[in-house]
Amino acid sequence: VWNIIQHILQHIYICINKRWQSAIQDVRSFRGADVGSDHYLVRAKIKLKLKKIKKPNTIKPFDIDKLSKDEICQQFTMEVNNRFQALEDKDEPETQWKDLHETITHAAKVVIGRKRGTKKECWITPDTWKLIDTRREIKKKRDSAKTQREQNKRNKEYRKIDKEVKKHCKIDKNTWLENKATEAQKAADRNDTRTLYRIARDLSGSNSGTGVPIKDKNGKTLLSEEEQNQ
């Protein structure tokens with residue numbers, strides 16, 4: 001910084017770790033700041049990039065909806081019974097519980113499998129997932145095509161399978177909504193409010209309510225039921 005009155009050149013440094021050296025974008029001095037010193041106030045503009053914290057991979061639940069099919073249910077029961085027969089009788093409760101847990105978990109992995117997709121994609125059926133996998137494989141072949149002729153061929157296949165995927169997704173979504181509506185109607189007939197709220201959360205995609213308070217014209221929050229009824 002050049003001091004005009006004293007005709008001297010003052011060097012003012014910004015000390016920073018070498019790791020954050022590239023984070024400094026601008027450095028300026030302020031002559032008008034009254035800091036009670038023979039030096040000028042210096043300000044540095046620093047931009048930091050925060051590291052994204054990766055969430056641990058959560059284990060997806062088993063697709064227990066498949067047990068509604070008699071064929072899969074019988075296959076699962078047979079798999080569990082076969083593994084139970086192979087187990088040895090043990091007196092320790094912890095060992096018995098461990099064997100029981102491993103038996104049921106292994107049978108579920110082999111027969112049922114885990115759910116695919118996110119929570120918002122729970123309405124997609126296994127047949128549609130197979131079409132999605134097929135579309136993905138065709139896309140890989142199309143992108144890796146070496147000739148224009150092969151690329152055009154794969155592109156036609158991709159457009160065809162893409163239409164099938166969208167068609168099946170639309171059918172699956174409508175079927176899922178109809179089943180939810182039927183389930184909600186049955187829950188309403190037997191006054192099952194817990195099931196109704198669960199279905200409402202599934203349809204809206206929200207886990208909790210907004211909790212918006214009720215206020216009067218003056219902005220005062222109404223706490224009691226009598227005040228809210230008025």
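Relative accessible area is used here to class residues as buried (under 20%), exposed (over 50%) or partly exposed in between, with a 1.4 Å probe and protein chains only. By this definition aspartate 133, at 27% relative accessibility, is partly exposed. The structure is a predicted model, in which local features need pLDDT of at least 70 and side-chain atom pairs count only at pLDDT 80 or more, whereas totals for chains, interfaces and linings use all residues. Residues are numbered from 1 along each chain as its sequence is written, and side-chain values use heavy atoms, with hydrogens and water left out.

Side chains of opposite charge can pair when their charged atoms come close. With a salt bridge taken as a side-chain nitrogen of Lys or Arg within 4 Å of a carboxyl oxygen of Asp or Glu, a search of the whole structure gave 12 salt bridges. One of them joins arginine 116 to aspartate 133, with 2.8 Å between the closest N and O atoms. This pair links distant parts of the chain, 17 residues apart: arginine 116 lies in the loop between helix 2 (93-112) and helix 3 (126-143), and aspartate 133 in helix 3. Helices are DSSP runs (H or I, at least four residues), numbered from the N terminus. Arginine 116 is partly exposed, its relative accessible area being 35%.

Other salt bridges lie within a single helix. In the pair of lysine 139 and aspartate 143, the closest N and O atoms are 3.1 Å apart; the two residues are 4 residues apart in helix 3 and are therefore separated by about one helical turn. Both ends are partly exposed, with relative accessibilities of 35% for lysine 139 and 48% for aspartate 143. In helix 4 (residues 148-189), arginine 154 and glutamate 157 are 3 residues apart, again a separation of about one helical turn. The closest N and O atoms of this salt bridge are 3.2 Å apart, and glutamate 157 is partly exposed at 27% relative accessibility. A network of salt bridges links Lys180, Glu183, Arg198 and Asp202.

The structure holds 0 disulfides, a disulfide being a pair of cysteine sulfur atoms within 2.5 Å. Cysteine 73 is partly exposed, at 32% relative accessibility, whereas cysteine 169 is buried, with a relative accessible area of 18%. Isoleucine 171 is placed in helix 4 and is partly exposed at 44% relative accessibility.

Helix 3, helix 4 and helix 5 (193-204) are the elements that give two or more residues to the lining. Helix 4 provides the largest share, 8 residues. The lining comprises 11 nonpolar, 9 polar and 21 charged residues, where Ala, Val, Leu, Ile, Met, Phe, Trp, Tyr, Cys and Pro count as nonpolar, Asp, Glu, Lys and Arg as charged, and the others, Gly among them, as polar.
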